[in-house]
Amino acid sequence: MPAVAETPPQLPVPSGQPVHLTQVLLDENPGELWLRFRFVAPKIGSDVGRIGYDVASVDMQHLCQTLAVAYVAEYDLNPARVVISLSDRPTEFGQTEPDATQFFEAYRLEQSQCIWEGL
C-alpha cells in the first residue's frame with residue numbers, strides 16, 4: 001500500500017484563513033532561547049484578494065496566545081522571545097526564498113500573555 005502524506009490539521013484563526021503548523025524550533029543562536037513557531041498560510045500576500053499583514057498580524061497574536069503559551073507551559077520552557085511566522089508556502093528555516101511571502105512577529109511572555117515586541 002503506498003504511503004499517503006498527511007496534511008497537518010488546520011488551526012483556527014480570527015481571519016478564518018487556512019493555517020498549518022509546520023515546525024517548532026528552539027533557537028539559541030540569538031544568544032538566548034527563542035521559540036519559533038513556523039506556519040504555512042497559503043492565502044497571505046500583498047496582491048488583491050490575498051490576506052495582508054494587517055489581518056495576518058491578528059492571526060499571529062492569536063496563535064501566540066492559544067498555541068505558544070500552552071506549548072511553553074507543557075514543556076516547561078522559559079523563552080526570551082516567541083516568534084510566530086507565516087509563509088505562503090513551505091520554506092527551509094534560514095534560507096532565503098525571494099518568491100515566498102513571509103510575515104513574522106516576536107513576543108515576550110509575561111504571566112501567560114503574549115506581549116508584542118516588534119522586530
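Contact, in these notes, means heavy atoms within 4.5 Å.

**Entry 1: ground rules.** I am working with a predicted model, where local features need pLDDT of at least 70, side-chain atom pairs count only at pLDDT 80 or more, and totals for chains, interfaces and linings use all residues. Residues are numbered from 1 along each chain as its sequence is written, and side-chain values use heavy atoms, with hydrogens and water left out.

**Entry 2: leucine 86.** I looked up what leucine 86 touches, leaving aside residues up to four places away in sequence. I found Gln17, Val19, Phe39, Ala41, Ile44, Ala56, Met60, Leu63, Thr101, Gln102 and Phe103.

**Entry 3: the core.** I use "nonpolar core" for a set of buried Ala, Val, Leu, Ile, Met, Phe, Trp, Tyr and Cys residues joined through side-chain atoms within 4.5 Å. Buried means under 20% relative accessible area, exposed over 50%, and partly exposed in between (1.4 Å probe, protein chains only). Which members of the largest core touch the most others? They are Ile84 and Leu86, in a core of 21 residues. At least two core residues come from each of strand 2 (34-40), helix 1 (53-74), strand 3 (81-87) and strand 4 (102-110). Helix 1 gives the largest share, seven residues. My helices (H or I, at least four residues) and strands (E, at least two) are DSSP runs, numbered from the N terminus.

Entry 4: I traced an open sheet of five strands in the order 1-2-3-4-5, with mixed pairing. Two strands pair if DSSP finds at least two bridges between them. Strand 1 (20-27) and strand 5 (113-116) are the edges; each has a single partner strand, so one side of each lacks a neighbour in the sheet. From one strand to the next, the twist averages 30°. Angles here run from 0 to 180 degrees between N-to-C directions, with axes as lines fitted to C-alpha atoms, for helices over the stretch in contact. I also noted that helix 1 lies across strands 1, 2, 3, 4 and 5, at about 45° to strand 4.

**Entry 5: strand 2.** Is strand 2 enclosed or open? Seven of its seven residues are buried, so strand 2 is largely enclosed by the rest of the structure. Trp34, Arg36, Arg38 and Val40 are buried on one side, and Leu35, Phe37 and Phe39 on the other. I recalled that in a regular strand the side chains alternate between the two faces of the sheet. Strand 2 runs antiparallel to strand 1, over seven bridges, and pairs with strand 3 in the parallel sense, also over seven bridges.

**Entry 6: salt bridges.** A salt bridge needs a side-chain nitrogen of Lys or Arg within 4 Å of a carboxyl oxygen of Asp or Glu. How many does the structure hold? I found five. One of them joins aspartate 27 to arginine 36, with the closest N and O atoms 2.8 Å apart. Aspartate 27 is buried at 9% relative accessible area, and arginine 36 is buried too, at 15%.

Next I followed arginine 81, whose salt bridge with glutamate 117 has its closest N and O atoms 3.1 Å apart. That pair links distant parts of the chain, strand 3 and the segment after strand 5, 36 residues apart. Arginine 81 is partly exposed at 22%, as is glutamate 117 at 26%. Glutamate 117 also meets arginine 108 in a salt bridge (2.3 Å, N to O).
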